[in-house]
Structures are given as C-alpha cells and as structure tokens.
Amino acid sequence: LVSVFITTYNHESFISDCLDSILTQDYENFEIIVGDDASTDNNQEILLEYKDRYPNIIKLVLHEKNIGITNNCNSILPLCNGRYIASIGGDDQMLPDKLSIQVEYLENNEHCNMCFHNLEAFDSDTDNILYYTHFDGNGKRKRDSGTIKDAIKEGVFFSPISLMMRAVNLPQGGFDERIPMASDWLFYVDVLSKGGSVEYIDNILGRYRRSSNSITINRPDGFRLEVDILNSINIIMIRYPEFTKEALYRYGQMLFKMRKHKNYFDFVKSSLKLGFHLKGFIAYMLYIISVGRIQK
C-alpha cells in the first residue's frame, strides 16, 4: 500500500488536476490522505466531492482554522497506513507511472530509504515547461544519491514532491513543530538518520507548478524560511552531534547568503530564539570566520 500525502491551501483551481493525476496512476494499491489548512476558497468543497466519489480511497482532514504547514502535515501523517509514503502539493501533478516505478525501485533496493525523481516545472498560466528540477540554475545535474551526512551539509538536493519514503523510517512525532514553515528538511534528515540513502530515479515522473502563489516565488517576509533552516541546524547539532561539522558548514552557507541583505543581523538574532546550548557562541564564531572565507 502507498499512502499519498497531500497538504493543500486555497488550491481550488488546481486540486482536481492533482487528485485526477493520482487516481489515474497505473499502480492501483494506494490511498490518498489530504490535509486542508482552512482554505478560504472552494477547495474544501471540491475535496468533499472527491471524497463522496472515492470514499474508500480518500481521507480528509479539513481544518476550520489555519494551523500552518507543519501542523497540517502532522495532522494527516498518522492517518497514513501505507508501507510507502509519497508526498505531493495540492497544486502539483503526478505522471501516470510515478507510483509503480518508485514502488518497484524501493522493493528492489533495500538499502534505499527514500527515492526521488526529476520533475518538469511549468508555468501555471501558460503550461509551458520552465526547467527541470534535477538541474541547478547553471544547468548542472544535482546530486543523484546521498546519506544523512550529505543531506545535512548540502540541504535538500531532492524535490520533496517527488519523494517516496519507507514508512517504517518516519520519525516518531512527525514534523518538528518548533519549525513552523520549513520543517521538511529536518524531517528528511530524521528519516535518513534511520540509515540507508536517498536515491535518484532518472525519469520525469511529475509536474511542479510555478505560480505567483508558489512559496519559492512569493517568499515570506522577514526571511522566515531562512530562520527556520537556521533553527533546524541548531536542532541537528544537538540531535546528531556526530554531524556537527556538516551542520556548521550548512549554517555558514546560510549566513553567507543572508549577509547580502541589510537586515542580516536581525535574521541572525531571530535564529537564536530557541534555547540551545552554545548557539550564541557558535553564531558569533561563524560571523567572525565567515568574512570572505565561507565560500572556501
């Protein structure tokens, strides 16, 4: 059984395409679990219509108040009964053989903890393909495989909406609710802490929608995503001290990127609000050594 894990908010124009792309998969043994974070459009009404049509496949959690992406994820994760978990956003789409190819890969590669694939990123208004997610801005192919060490040092080198994970390796408690928005990276690090690798399947098996509402385009004010990553690093250094070197490298890379902005010190100050030991000293030392050196 595969549990398809969907978080959605105000996706009335897209949710049908998303659900239809799952329901028409050539792999039949799946369930769909959807968490709607108190949409203000007709998204919940559309979801209820699909639930009526597919009562044995679709499970819904329809929130009356907005609880944020991390809490929304945790509200539906316990409802997933599958051996494998596949995640997708409510505005994205699967291609027809996605589930079957990923299930086959995990069945045949026991050392693999998570697998991912390429995606075509498309313009929501024109449907034109903009780029492919497994290549960086310079057209260079990203990492094809890695372990927890690589995921800590380099961040998410795989697209979350292309992932399929072994349910047995999911962290107890799910997503860390101290990280309100960008909690997925820490979650994947926790999954990889169980051992094994994350590996790339060289197929285009999904479509990633780019619209004005996409978080990668319309980023939150105050660099809240970056602060979430810094706080995730704080947690990683306490939770996995054997990877402190990789965590500090990632911390330095984040601070280097943020130094380009005039409110840099405010962002660093915000990242220190969680009460972890040594964090103030670490942040201070990173600032001292980062001047002109982080890129090296």
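Asp-37 lies in the loop between β2 (30-36) and α2. The model is predicted: local features need pLDDT of at least 70, side-chain atom pairs count only at pLDDT 80 or more, and totals for chains, interfaces and linings use all residues. Residues are numbered from 1 along each chain as its sequence is written, and side-chain values use heavy atoms, with hydrogens and water left out.

**Exercise 1.** Find which backbone nitrogen the side chain of Asp-37 reaches.

*Solution.* Start with burial. Asp-37 is buried (under 20% relative accessible area, 1.4 Å probe, protein chains only; exposed is over 50%, partly exposed in between). Next, look for a salt bridge (a side-chain nitrogen of Lys or Arg within 4 Å of a carboxyl oxygen of Asp or Glu). Asp-37 has none; the nearest side chain of opposite charge, Arg-224, is 11 Å away. Now check the backbone. The Asp-37 side chain reaches the backbone nitrogen of Ile-67 at 2.7 Å.

**Exercise 2.** Classify Glu-12 as buried, partly exposed or exposed.

*Solution.* Locate Glu-12 first: the loop between β1 (2-8) and α1 (15-23). Its relative accessibility is 32%, so Glu-12 counts as partly exposed.

Technical notes. Helices (H or I, at least four residues) and strands (E, at least two) are DSSP runs, numbered from the N terminus. Lys and Arg count as positive and Asp and Glu as negative; His and the chain ends are not counted. A polar contact is a pair of N or O atoms within 3.5 Å; within protein, one must be able to donate a hydrogen and the other to accept it, and residues adjacent in sequence count only if both atoms are side-chain atoms.
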